[in-house]
Amino acid sequence: LVPVHENSRLAAFYFDGQPQAIYRFRYYQLEPVVETSVHSQSEREAKDEEMTAAIDTMLFTLHPELEKQLRMASMTPMEWPRIFKDFPDSSPVEDQEVAKITKLDSCEVRWSYNLDPKQHAYVPEQYASRGDGIHAVMVHGEALVESQMMPGQKILIRDQLSLWKDELWIHDRGHDPDTMAFIYGNQDGVPYRLQRVCNIEDVAGTDEPISAGSHRTDIYNDLAWTLGPAHRTESV
């Protein structure tokens, strides 16, 4: 997960500590929202209602050629912001203009401190009682998208997330929209539990999310191998 702008991130997904084998890219854009059951300012003042701050995350796919360039730099993700910035806003694909990023409709998730007792039932009490996490639900409840792994296959996606300082839990499930059979995800309600591997430090002190002085720091030794071959001893 690499900062591109103050309110956007590039994410790459891969298995088995092989960043050179990325199977998916996503661009995330964050927008602040205000949740309240009282809509007018006068009503809020009269009822002294406290509004709940929230953040919406919108999901985008990337232009195929941009993905290709990012994959070529898979071992040097600190270069991704420059590659992203230099790529044109649109360029042709099979004689059609395709945008640098394309929004995935109805896939927005909303983050807040509110833990939904039903949708976030996977969060154990020892985590919920800490109060230091933020949690997300899909704004539209679910989304119907076309699979990138299986072209022509529609997938009904349902997703909830929880984030703490060093952990991200993703309760992501995909169903066949006709039969509701599971395509991926845990059928017992157990989320994927991701742990922080490292931090990104900008030693140059610029206003850009990542500058030429940025590098990975505070690498957690037990998980360092997931960053690629340079961070582990390959078996012979």
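**Briefing on a predicted protein model**

Of the 236 residues of the protein, 35% count as buried. The model is predicted. Its secondary structure consists of four helices and 16 strands.

**Surface and contacts**

- About 14,700 Å² of the protein is accessible surface, and carbon and sulfur atoms make up 50% of that area.
- Among contacts in the protein with a separation of 6 or more, 50% are between residues 24 or more positions apart.

**Gln 195**

- Gln 195 belongs to strand E14, which covers residues 192-195.
- Gln 195 counts as exposed because its relative accessibility is 54%, and the cut-off for exposed is over 50%.
- Beyond its neighbours within four places in sequence, Gln 195 is in contact with Asp 166, Glu 167 and Leu 223.
- Tyr 220 is 25 residues from Gln 195 along the chain, and the C-alpha atoms of the two are 9.6 Å apart.

**Loop residues with positive phi**

- Asp 95 is in the loop that runs between strand E5 (90-93) and strand E6 (96-99).
- Although Asp 95 is not a glycine, its phi is positive, at about 70°.
- Asp 95 has a relative accessibility of 80%, so it counts as exposed.
- Ser 106 is in the loop between strand E7 (101-103) and strand E8 (109-112).
- Ser 106 is not a glycine either, yet its phi is positive, at about 65°.
- With 32% relative accessibility, Ser 106 counts as partly exposed, because this class lies between the cut-offs of under 20% for buried and over 50% for exposed.

Key:
Residues numbered from 1 in each chain as written. Predicted model: local features only at pLDDT ≥ 70, side-chain atom pairs only at ≥ 80, totals over all residues. Heavy atoms only, no water. Helix = DSSP H or I, 4+ residues; strand = E, 2+ residues; numbered from the N terminus. Buried < 20%, exposed > 50% of the residue type's maximum accessible area, 1.4 Å probe, protein only. Contact = heavy atoms within 4.5 Å. Areas by Shrake-Rupley, 256 points an atom, 1.4 Å probe, with all protein chains shown as cover.
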